[in-house]
Amino acid sequence: MQLSASTNIPRHIAIVMDGNGRWAKRQKRPRLWGHKVGVEAVREIVKACSALDVECLTIFAFSSENWKRPEDEIKNLMGLFMMALEREAKALARNNVRLKIIGDISQFSDKLQKKIKQVEEITSKSNGLNLIVAANYGGRWDILQSVKSLARKMDQEKRNAELLTEQDISSHLSTSEYPEPDLFIRTGGEKRISNFLLWQMAYTELYFTDVLWPDFGKEELHRAILDFSSRQRRFGKTGDQVVSEKQGAVIADDQGSG
Ligand code: IPE
Ligand code: IPE
Ligand code: MG
């Protein structure tokens with residue numbers, strides 16, 4: 001799986017890290033073990049994305065639907081989240097990674113909320129990879145909270161609803177400061193979005209793999225990026241249009257530098 005100088009590296013990669021439970025089951029270990037090894041996989045993928053100068057990596061850690069899981073699994077996941085934040089904060093800052101949590105964190109314990117704020121603060125000066133962790137996140141929740149804050153603002157400013165634009169909604173989403181994902185990866189074999197970044201993924205390239213999350217490493221990431229790089233993103237245009245625009249850009253570039 002060799003990346004080359006001509007590989008098109010996505011600016012923003014979004015990942016549904018699925019399959020921890022099944023991975024543990026195969027090892028005849030409790031589900032928590034799968035989640036623990038899953039955290040190690042996160043570390044490797046963060047490192048690999050930093051090395052490739054990816055701008056943003058968004059990972060789905062806990063969905064708004066995951067509250068339906070057994071109480072002890074939820075407790076374990078929260079404990080693991082807390083531990084990972086405690087353990088990784090300094091290393092993230094040292095590696096120039098900026099951490100941001102998206103999702104409704106008001107449902108978490110005070111202690112966890114405090115820790116989240118603290119690690120965001122510790123890494124706020126970083127200008128390398130943006131690591132965006134979606135926790136108690138749902139794509140519909142995000143659209144709803146965007147529309148709510150937009151509605152409040154419009155009320156105050158007495159603005160006419162007819163003047164609302166897509167950009168208004170985008171700019172109130174929890175991801176407003178980042179570009180939209182270029183590449184979506186889901187591990188674990190399921191082919192669904194599970195209420196992840198719904199609005200933001202309107203034109204994202206989708207990549208599904210059967211590899212379970214704890215087994216997903218640098219090689220697997222490179223495989224996904226190579227697949228992405230081989231695709232033609234048309235955004236509604238024809239293939240010929242995209243090719244000739246690219247040629248035009250290359251010529252303009254050559255003239256600019258010559
Ligand atoms: C993904 O792995 C991690 C979380 C949802 C927190 P799962 O726990 O969903 O693993 P499977 O799908 O049961 O194998
Ligand atoms: C999606 O995985 C959420 C996370 C990876 C955190 P799930 O395992 O919860 O998704 P479904 O329920 O199979 O769609
Ligand atoms: Mg799952």
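## Leu183 and strand β5

Leu183 is found in strand β5, which covers residues 183-186. Strands are DSSP runs of E with at least two residues, helices are runs of H or I with at least four, and both are numbered from the N terminus. This is a predicted model, in which local features need pLDDT of at least 70, side-chain atom pairs count only at pLDDT 80 or more, and totals for chains, interfaces and linings use all residues. Residues are numbered from 1 along each chain as its sequence is written, and side-chain values use heavy atoms, with hydrogens and water left out.

Leu183 is buried, at 0% relative accessibility. Buried means under 20% relative accessible area, exposed means over 50%, and partly exposed lies in between (1.4 Å probe, protein chains only). Contact means heavy atoms within 4.5 Å. Beyond its neighbours within four places in sequence, Leu183 is in contact with residues including Pro10, His12, Ile13 and Ala14. Its other contacts include Thr204, Glu205, Tyr207 and Phe228. Asp227 is 44 residues from Leu183 in sequence, and the two are 9.9 Å apart in space, C-alpha to C-alpha.

## Overall fold

The protein has 8 helices and 6 strands. Along the sequence, their pattern is β-α-α-β-α-β-α-β-α-α-β-β-α-α. The C-alpha trace spans about 60 × 55 × 35 Å along its principal axes.

Among contacts with a separation of 6 or more, 77% join residues 24 or more positions apart.

## Nonpolar cores

A nonpolar core is a set of buried Ala, Val, Leu, Ile, Met, Phe, Trp, Tyr and Cys residues joined through side-chain atoms within 4.5 Å. The largest such core has 44 residues. Ile13, Ile15, Leu57, Phe81, Leu131, Ile185 and Leu221 touch the most other members. Helix α3 (residues 71-94) gives the most to this core, with 8 residues. Apart from this core lies another, of 13 residues, among them Phe60, Tyr178, Phe184 and Leu197.

Leu57 shows some of the packing. Leaving aside neighbours within four places in sequence, Leu57 is in contact with residues including Ile13, Ile15, Ile45, Val46 and Leu131.

## A buried aspartate

Asp168 sits in helix α6, residues 166-170. With a relative accessible area of 14%, Asp168 is buried.

## Two loop residues with positive phi

Lys28 lies in the loop between α1 (20-26) and α2 (31-51). Its phi is near 55°, a positive value in a residue other than glycine. Lys28 counts as exposed, at 76% relative accessibility.

Asn96 lies in the loop between α3 and β3 (98-102). Asn96 is not a glycine, yet its phi is positive, at about 65°. At 29% relative accessibility, Asn96 counts as partly exposed.

## Surface and charge

Buried residues make up 45% of the 258 residues. The accessible surface comes to about 14,700 Å², and carbon and sulfur atoms hold 50% of it. Such areas come from the Shrake-Rupley method with a 1.4 Å probe; for residues, only the protein chains shown count as cover.

Key
Chains are lettered from A and ligands numbered from 1 in the order in which they are written.
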